[in-house]
Amino acid sequence: MAKKPNKLKARLPRGFVDRSAADIRATDEMLGRIRGVYERYGFDPVETPAFEYTDCLGKFLPDTDRPNAGVFSVQDDDEQWMSLRYDLTAPLARHVSENINEIQLPYRTYRAGWVFRNEKPGPGRFRQFMQFDADTVGAPGVQADAEMCMMMADTMEALGIARGQYVIRVNNRKVLDGVLDAIGLGGEDQAEQRLTVLRAIDKLDKFGIEGVRLLLGEGRKDDSGDFTKGAGLEATAIENIVAFVSGTGTSENEGVSELNTMASIFASCGYGDDRIKIDPSVVRGLEYYTGPVYEAELLFDVTNEKGEVVQFGSVGGGGRYDGLVKRFTGRDVPATGFSIGVSRLMSALKNLGKLDTSDVTAPVLVTVMDGDVAALGRYQKMAQDLREAGIRAEMYQGNWKKFGNQLKYADRRGCPIAIIQGSDERDAGEIQVKDLIEGKRLSEEITDNVTWRESRPAQVTVKETDLLKTVTDILNGHAEDRKRANEG
């Protein structure tokens with residue numbers, strides 16, 4: 001007796017998720033609002049592929065035989081390593097470098113796309129997520145950085161996040177670099193330890209000052225027992241850094257001067273501390289930032305996966321990265337930009353009730369009573385006529401012989417209306433239009449089966465020529481009902 005083949009188990013890779021229609025529509029709505037702000041500032045779209053040659057993604061990736069720590073990599077047929085992009089900034093630097101003679105500098109561009117991290121997934125931490133970036137390449141002055149911060153603030157408000165619920169926090173890496181130089185972490189030979197320090201400071205909003213102290217020292221164990229090795233700094237060096245990020249340290253250098261210039265620009269344009277604020281605790285975790293760095297933080301409270309009430313926190317950030325393009329061209333090409341974490345920001349907007357996709361209605365269902373070629377053509381023509389009038393519509397494509405299943409399908413699908421035409425209606429040039437929403441409401445009020453059959457609630461018979469008007473009137477009535485319900 002032959003063995004039955006084993007069924008393949010359907011499963012998602014860890015750290016990846018499927019997206020529902022509601023999520024996709026909410027994301028599209030959010031991206032449209034962000035895009036509107038970027039366009040208003042004079043930025044243009046560009047798109048780069050998901051894969052880049054691994055060496056083009058930057059020296060910030062681990063140097064191993066198989067570069068798969070932090071990124072997903074494959075080897076091309078010419079034995080070159082390719083990796084899925086881990087952000088949208090490094091690919092932009094490659095794009096600008098390849099097209100430097102054709103691109104008009106300053107180059108102001110935006111792009112949205114999926115990025116990938118080969119990291120351990122966890123609650124709210126995914127291996128694939130979307131970012132929406134804006135960058136200015138070829139602008140050396142901090143006025144370009146100031147404009148980025150103002151655009152971030154305008155973006156938050158375009159999304160319905162009120163003042164007092166967000167702040168753009170700004171710092172300058174040159175200030176921190178002075179502190180790191182003073183404790184002996186300057187120079188290329190200290191790059192790895194310096195990056196560990198930067199990543200530790202970047203966890204301030206997540207772990208607090210004591211958590212940062214541990215990460216600057218021997219390391220920190222989290223609630224699950226996982227241990228993160230620290231930077232191994234001595235106590236004096238740790239206290240110098242803690243004083244800096246706490247705002248109690250003092251420093252005077254080029255970075256401080258640039259921050260003062262940016263603060264003056266913010267004030268001139270009416271962006272007060274309630275929108276954009278200088279904050280020495282902002283560092284950003286990546287090594288490639290060379291000047292101003294900034295972060296969009298949401299200030300309202302949410303309940304995390306542990307049931308704790310916490311501030312929502314960062315939904316995006318960026319800074320100046322003057323060295324990325326130079327790696328390819330050998331010439332100085334200054335750049336600044338920021339990135340919004342789309343999935344995280346969408347979660348925030350849902351918390352605030354700012355993403356409502358309830359106005360998207362399910363399609364009108366044209367039911368099928370006869371399966372011959374001529375009848376199918378007539379039913380499909382009804383659906384086409386509705387579509388051409390701007391109404392979502394579909395003809396039932398399942399087993400048409402069981403009419404009850406068609407209405408069950410319409411109910412599960414949330415269809416607002418069912419169109420019914422059997423042979424009797426066709427001979428009379430008529431169509432039955434069933435208001436499924438009103439019918440459902442009435443069915444909850446009418447408990448007597450005889451009354452139900454006699455009343456045939458929410459179902460009307462109209463001439464074929466009146467189909468479009470009848471459907472439009474019913475849908476408009478539904479829209480008015482939703483509006484009144486929302487206002488109430």
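So, the ring cluster: Tyr-38, Tyr-110, Phe-132 and Phe-338 are linked into one by ring pairs. Keep in mind that we're looking at a predicted model here.

Okay, how many aromatic pairs does the count come to? Nine, using the rule that ring centres lie within 6.5 Å. Let me walk you through a couple of them.

Take Phe-16 and Phe-72. Their centres are 6.3 Å apart with 50° between the planes, and that makes the pair tilted. Now, where do these two sit? Phe-16 is in the segment before helix H1 (21-40), while Phe-72 is in the loop between helix H2 (54-57) and strand E3 (73-75), so the pair ties together parts that are 56 residues apart in sequence.

Next up, Tyr-396 and Tyr-409. Here the planes are at 70° and the centres 5.4 Å apart, so this one is edge-to-face. Tyr-396 lies in the loop between strand E15 (393-395) and helix H13 (403-413), and Tyr-409 is in helix H13 itself, so the parts being tied together are 13 residues apart in sequence. Tyr-396 is buried, with a relative accessible area of 12%, whereas Tyr-409 comes out at 25% and counts as partly exposed.

Which residue has its charged end over the ring of Phe-207? That's Arg-220, and the charged end is 3.7 Å from the ring centre.

Terms used:
Residues are numbered from 1 along each chain as its sequence is written. This is a predicted model: local features need pLDDT of at least 70, side-chain atom pairs count only at pLDDT 80 or more; totals for chains, interfaces and linings use all residues. Side-chain values use heavy atoms; hydrogens and water are left out. Rings of Phe, Tyr and Trp (its six-membered ring) pair if their centres lie within 6.5 Å; planes under 30 degrees apart count as stacked, over 60 as edge-to-face and the rest as tilted. Helices (H or I, at least four residues) and strands (E, at least two) are DSSP runs, numbered from the N terminus. Buried means under 20% relative accessible area, exposed over 50%, partly exposed in between (1.4 Å probe, protein chains only). A charge sits over a ring if NZ of Lys or CZ of Arg is within 6 Å of the ring centre and within 35 degrees of the ring normal.
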